[in-house]
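Please open the model in your viewer and keep the selection tool at hand. The stops below say what to select and what is there.

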Amino acid sequence: MLNPLRLRLEQHLSKIYRDIEREESISDLATTLLQLMRLEPCAEAPRAHHSLWDQRDIALICYGDSLLANGEKPLHTLAGFLEDHLSEAISMVHILPFFPWTSDDGFAVQDYTVVNDFLGDWDDIAEIAANFKLMGDLVINHGSSHSVWFENFKRGLHPGKDFYFTALPTDDLSKVVRPRTSPLLQRVDTVEGPRWVWCTFSHDQVDFDFRNPEVLKAFVEIIRLHLDKGVRVFRLDAVAFLWKQVGSSSINLTETHELVRLLRTLIEHAADGAMIITETNIPNEENLAYFGNANEAHAIYNFSLPPLLVYSLISGDSHYLRQWLMTLPPAQFGTTYFNFLASHDGIGLRPVEGLLSDDEVDAFIRTMERSGGLVSWRAGAGGVRKAYEINITLMDALQGTVKGHDEFGFARFICAHAVMLALEGIPAIYIHSLLGTRNDHLAVERLGYNRAINRHQWDYEQLIQHLSHPESPNAKVVSALKVLITLRKLQPSFHPNATQYTLQLGPGLFGFWRQSNDRRQSIFCLYNLTGETQRIPVSELNLVVLSDWYDLITDEIIAVGAGELEFQPYAFKWVSNRQ
């Protein structure tokens with residue numbers, strides 16, 4: 001009897017473990033994975049090239065404790081805020097790691113099977129998952145050095161023995177690429193003598209060794225549990241570093257891509273609508289490779305967008321943003337981009353490598369520093385120290401330009417979101433962008449790391465007071481973004497896989513054309529990226545004569561034979577035909 005799922009799993013596993021000695025046959029390993037996921041070997045594959053999203057999908061990124069209320073677990077507070085304030089605006093919620101952890105605000109996980117008691121419990125997760133598509137982090141590259149698994153590693157016990165990647169100080173590790181400058185190897189005393197564990201990020205975040213199939217089994221069991229608890233979108237954190245090999249760069253290796261394919265196969269067979277998003281903060285071409293042939297990630301983080309869009313807005317020049325968008329390949333149906341402007345981390349600089357010159361990167365950094373931003377560094381090949389990311393809230397990042405601060409900060413901020421909400425892909429808004437949160441320098445001083453600047457914890461009562469006053473800065477941001485979100489959700493041309501074409505409008509302007517998949521609606525998305533009034537001759541847009549055109553933002557009618565469209569500083573128009 002033909003068992004297509006079993007055959008696919010065996011093909012994946014054969015490629016991953018072809019050079020690895022193991023006690024278990026590929027066939028037996030495939031059987032074990034099927035059992036752990038509770039899948040039948042003859043299970044039908046989901047429909048190929050089928051998109052699991054449309055223009056109504058908007059994601060919110062947050063921590064489980066971004067909002068704190070007295071006498072209440074933070075996840076319960078978050079659930080109430082989502083239901084009371086965002087039920088009509090967003091469809092997907094990404095809650096950053098909500099498990100017990102020891103460092104890096106959740107990304108050094110101690111136990112993947114329980115919810116951090118400070119935050120709440122699985123019932124609180126279920127409450128959110130019942131109303132929104134829930135994205136959870138699968139922190140799959142590394143785990144806490146204070147976990148049961150790591151204690152077992154040191155004691156030679158299962159599970160945990162041989163779960164972690166080790167190397168020797170004498171090994172050639174000069175080619176390794178990683179986003180930190182700390183020593184890569186950490187000595188650990190074990191019952192078998194000293195071992196040197198591999199730590200891509202920090203010495204509290206010890207990398208797993210997926211050459212050991214037992215590690216794969218452990219994570220497949222975790223995935224099944226998370227599916228049972230309501231997670232439907234799996235964010236594969238730092239997955240580019242998953243497979244290590246001494247003497248190589250240990251990033252984006254062939255086995256890593258095959259592991260992503262394997263996990264996609266299991267996840268999409270296990271639950272309707274379940275999907276994978278890869279988090280790979282690397283140069284654009286390498287990032288795009290995680291689409292595979294529509295058989296790896298369902299969506300990839302569009303890491304190039306934040307630095308390029310912010311740089312365009314502070315420089316008043318769309319050249320690099322336009323150049324990048326022109327070369328961005330359309331995602332196949334069944335895959336899409338995950339667009340964001342801010343996250344719990346910083347504005348990554350790796351995606352602009354090869355695009356911005358060193359002088360332009362320096363000007364970018366100086367402008368962010370004038371707005372209170374901080375810089376985090378990484379170790380490149382040969383140990384060269386390079387700027388990795390800028391840590392700053394988006395609201396503060398856009399308070400000025402390379403020329404200095406001005407009165408257009410709010411307008412720039414809303415313009416940036418108007419770009420993201422119109423682009424091909426699923427838009428994701430970080431909670432501190434949605435709320436217009438400012439830099440939290442006190443948190444940086446208290447906690448001792450740069451990323452705390454953009455991880456503020458709101459007193460919930462205080463936040464609600466701000467939002468109840470329409471003229472408060474926070475309420476203005478929420479109101480303006482909700483208007484744009486409502487408009488976006490009504491437009492078929494903003495489907496994440498609708499056609500997109502970049503317009504050539506000059507350095508101070510930016511624009512692109514979207515067309516719905518049924519070709520009935522077209523939208524010209526036009527933006528002024530400068531602090532000066534700009535004009536576009538209507539003739540340059542090639543508006544179809546047989547259609548009536550109007551600006552979705554203002555409802556202004558656009559006559560095909562009109563002379564020019566005028567844009568005030570950082571203003572924008574979504575020019576659509578009537579349907």
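**Stop 1: two helices**

In this predicted model, select helix H9 (residues 305-315) together with helix H11 (residues 358-370): they pack at an angle of about 80 degrees, and their axes are 11 Å apart. Because angles of 65 to 115 degrees count as roughly perpendicular, H9 is roughly perpendicular to H11.

Next, show the side chains of the contact. On H9, select Pro-307, Val-310, Tyr-311 and Ile-314; on H11, select Glu-360, Phe-364, Thr-367 and Met-368. Coloured by residue class, the contact of H9 with H11 shows six nonpolar residues, one polar and one charged.

**Stop 2: a strand pair**

Move to strand E27 (residues 564-567) and strand E24 (residues 534-537). In which sense do E24 and E27 pair? The pairing is antiparallel, over four bridges. To pick out one of the paired positions, select Pro-537 and Glu-564: Glu-564 is the bridge partner in E27 of Pro-537.

Stay on E27 and compare its faces. Leu-565 and Phe-567 make up the covered face, while Glu-564 and Glu-566 are on the uncovered one. In a regular strand, side chains alternate between the two faces of the sheet.

**Stop 3: a loop residue**

Finally, select Asp-272, in the loop between helix H7 (254-270) and strand E11 (275-278). Is Asp-272 buried or exposed? Its relative accessibility is 79%, so Asp-272 counts as exposed; the cut-off for exposed is over 50%.

Asp-272 and Pro-46 are 226 residues apart along the chain, and their C-alpha atoms are separated by 8.0 Å.

Note on methods:
Residues numbered from 1 in each chain as written. Predicted model: local features only at pLDDT ≥ 70, side-chain atom pairs only at ≥ 80, totals over all residues. Heavy atoms only, no water. Axes fitted to C-alpha atoms, helices over the stretch in contact; angles between N-to-C directions. Parallel < 35°, antiparallel > 145°, perpendicular 65-115°, else oblique. Contact = heavy atoms within 4.5 Å. Nonpolar A, V, L, I, M, F, W, Y, C, P; charged D, E, K, R; others polar. Buried < 20%, exposed > 50% of the residue type's maximum accessible area, 1.4 Å probe, protein only. Pairing = 2+ DSSP bridges.
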